[in-house]
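Trainee: I would like to learn how to read a structure like this one. Can we take it feature by feature?

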Amino acid sequence: MSESVALKATPLNSLHRRLGARMVDFGGWDMPVQYSQVMDEHHTVRQRVGLFDVSHMGEIEIRGPQALALVEHVSTNRAASLEAGQAHYSGLLYEHGGFVDDILVHKVADDHFFLCVNASNQDKDYEHIAAANRFDCTVENAGPRYAQIAVQGPAALATLQKLTAVDLASIRYYWFRDGEVNGVPARIARTGYTGEDGFEVYVAPEAAEPLWLALTAAGGEFGIKPCGLGARNTLRLEAKMALYGHEIDATLTPLEADLAWIVKFGKGDFIGRAALEAQREKGIRRKLAAFEMVGRGIGRDGYEIQIDGRNAGWVTSGGPAPSLGKNIGLCCLPVDKTGIGQTIHVMVRNQPVEARVVAAPFYKRAK
Amino acid sequence: MSTYPENFRYTKEHEWVSVGGETSRIGITDHAQKELGDIVYVDLPKVGAALSPGAAFGSVESVKAVSDIYAPVSGEVLAVNEALAATPETLNSDAHGDGWLVEVRLANAGELGGLMTAAQYEAYLGGAAH
């Protein structure tokens with residue numbers, strides 16, 4: 001290895017190594033990309049239950065009588081609509097309307113919000129929020145205080161239920177409950193990044209390894225397996241969930257990223273609002289779209305897209321969809337070229353390969 | 001008991017070429033398929049294409065990534081393994097057999113002397129840093 005900065009490690013790092021995971025540098029974190037094979041792990045989550053270490057994700061806690069006002073000021077969704085115990089997806093924007101990050105906002109209480117943010121963005125997010133804090137709130141960059149384990153798949157509930165007295169079935173999608181899991185305090189959220197039912201469990205770092213081992217044992221009868229970032233990526237892509245640095249970044253607004261639903265113009269002012277209003281007024285010129293390959297080839301992240309022989313955009317994320325048996329992707333296109341059925345060509349090694357715009361998400365679980 | 005056939009020669013980039021016949025087949029090694037993981041796509045040259053040693057002549061794609069395949073030797077492509085288009089996973093299950101990529105007529109058999117024998121390749125794998 002070169003003289004790069006030492007990678008950050010989650011509390012489960014040595015366990016991953018004992019499990020034989022292949023480790024990669026993921027945004028400065030030493031993370032498992034796979035334990036067995038990506039395909040196998042992907043199908044395990046769709047059909048049974050998979051276990052993910054997502055302790056690299058950041059947590060930011062906002063406390064104070066005006067906590068809601070600060071959250072509303074820095075994020076695009078309407079936090080005032082959240083009840084205690086409820087969560088939603090939202091955006092942190094710059095004044096120019098581009099993304100600082102995409103986040104999950106959990107309302108713990110009127111004076112306490114808990115944000116889950118992307119690993120490589122957590123310091124930037126914290127500074128962004130702290131700089132906007134004219135509401136006398138306490139803003140804490142709390143990542144080091146939490147480990148996070150995602151239990152995802154049809155058997156996630158049955159697996160996790162063995163370790164807690166909290167009635168998991170009563171937690172609705174995008175709600176959470178604080179309680180004990182495996183004998184330690186935990187925040188149990190019915191959220192995920194796979195398009196499957198499941199939970200994300202936040203515990204203290206020292207509780208992570210015992211919890212992982214207990215989940216492995218509890219899920220044994222359902223065929224539970226540890227899953228890495230490889231499967232996490234194919235799963236989230238099938239579900240059309242955005243990945244920062246791909247579908248969203250500082251140069252793309254929520255309107256362009258097909259995330260207008262997380263922007264609530266009906267609420268008060270928020271950072272980026274003026275830029276988004278101007279953009280809405282003028283109309284967006286480019287937009288995120290979903291495609292599937294028609295010709296032989298796989299459109300990968302960053303590949304150019306052409307329409308009628310001219311540069312028209314790029315693939316934001318692309319690859320095989322194991323649950324669909326197709327090659328799929330998301331891309332940025334001129335807005336008038338995003339209609340379903342639009343023919344596009346992905347430049348695969350300088351050769352145009354036909355693809356077409358399709359409806360997304362590609363995969364939706366049966367309810 | 002060797003995983004790596006004695007009648008193959010091997011490259012540092014983990015390709016193999018069969019020797020001793022009228023023509024030679026070229027493929028990727030068992031080690032390569034393990035490193036790549038689930039192979040989902042194989043891109044091969046056309047029959048009649050000329051291979052030159054060290055130049056990429058095709059690619060294999062796993063779920064995660066694209067990897068070039070480099071020609072171990074020079075030669076003319078006589079046949080390509082068309083079956084891989086429908087079943088690229090054959091490369092994972094039988095990299096040294098049914099997972100062959102192309103069949104070539106060697107232009108210069110002397111080039112084989114620059115490649116590794118099975119024993120040398122296994123020693124190379126044993127010493128290679130991963």
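This is a predicted model: local features need pLDDT of at least 70, side-chain atom pairs count only at pLDDT 80 or more; totals for chains, interfaces and linings use all residues.

Trainee: What share of chain B is buried? And what share of its contacts with a separation of 6 or more joins residues 24 or more positions apart?

Mentor: Count neighbours for the first, sequence separation for the second. Buried residues make up 40% of the 130 residues in chain B. Residues 24 or more positions apart account for 60% of the chain B contacts with a separation of 6 or more.

Trainee: Now chain A. How many helices and strands does chain A have?

Mentor: Chain A has eight helices and 19 strands. Its radius of gyration is 21 Å, close to the 21 Å from the globule rule for 367 residues, so chain A is as compact as a globular protein of that length. The C-alpha box is roughly 60 × 50 × 50 Å along the principal axes. In chain A, 48% of the 367 residues are buried. Of the chain A contacts with a separation of 6 or more, 66% come from residues 24 or more positions apart.

Trainee: Which domains does the assignment give for chain A?

Mentor: Watch for a domain written as two segments. Domain 1 of chain A is 13-55 + 146-238, domain 2 is 58-140 and domain 3 is 285-358.

Trainee: How far apart are the C-alpha centres of domain 1 and domain 3 of chain A?

Mentor: Those centres lie 31 Å apart. Then read the contact itself. Seven residues of domain 1 of chain A are in contact with seven residues of domain 3 of chain A. On the domain 1 side, helix H2 (38-47) and helix H7 (229-238) of chain A each supply at least two residues. H2(A) gives the largest share of that side, four residues. By class, the domain 1 side divides into two nonpolar, three polar and two charged residues.

Trainee: Why is H2(A) described as largely enclosed?

Mentor: Count the buried residues in the helix. Seven of the 10 residues of H2(A) are buried, so the rest of the structure largely encloses this helix. They are A:Val38, A:Met39, A:Glu41, A:His42, A:Thr44, A:Val45 and A:Arg46. The buried residues of H2(A) pack against several elements of chain A, including strand S2 (29-34), strand S9 (147-152) and H7.

Trainee: How do I read a sheet?

Mentor: Get the pairing first. Strands of a sheet pair through backbone hydrogen bonds, either parallel or antiparallel. Chain A has an open sheet of five strands with antiparallel pairing, in the order S5-S6-S7-S4-S8. Strand S5 (86-93) and strand S8 (138-141) of chain A are at the edges with a single partner strand each, so one side of each has no neighbour in the sheet. On average, neighbouring strands of this sheet are turned by 25° against each other, direction ignored.

Trainee: Which bridge partner does A:Ile60 have in S7(A)?

Mentor: The partner is A:Leu115. Strand S4 (residues 58-63) and strand S7 (residues 112-117) of chain A pair in the antiparallel sense over six bridges.

Trainee: What about a hairpin?

Mentor: Check the pairing, then the turn. Strand S10 (residues 176-181) and strand S11 (residues 184-189) of chain A pair in the antiparallel sense over six bridges. A:Arg177 stands opposite A:Ile188 in S11(A). Two residues lie between the strands of this hairpin, and A:Asn182 takes a positive phi near 55°.

Notes
Residues are numbered from 1 along each chain as its sequence is written. Chains are lettered from A and ligands numbered from 1 in the order in which they are written. Domain bounds come from an automatic or database domain assignment. Two residues are in contact if their C-beta atoms, placed from the backbone, lie within 7 Å. Ala, Val, Leu, Ile, Met, Phe, Trp, Tyr, Cys and Pro count as nonpolar, Asp, Glu, Lys and Arg as charged, and the others, Gly among them, as polar. Two strands pair if DSSP finds at least two bridges between them. A residue is buried if 20 or more other C-beta atoms lie within 10 Å of its own, exposed if 12 or fewer, and partly exposed in between; C-beta atoms are placed from the backbone. The radius of gyration is taken over C-alpha atoms; the globule rule is 2.2 Å times the number of residues to the power 0.38. Axes are lines fitted to C-alpha atoms, for helices over the stretch in contact, and angles run from 0 to 180 degrees between N-to-C directions.
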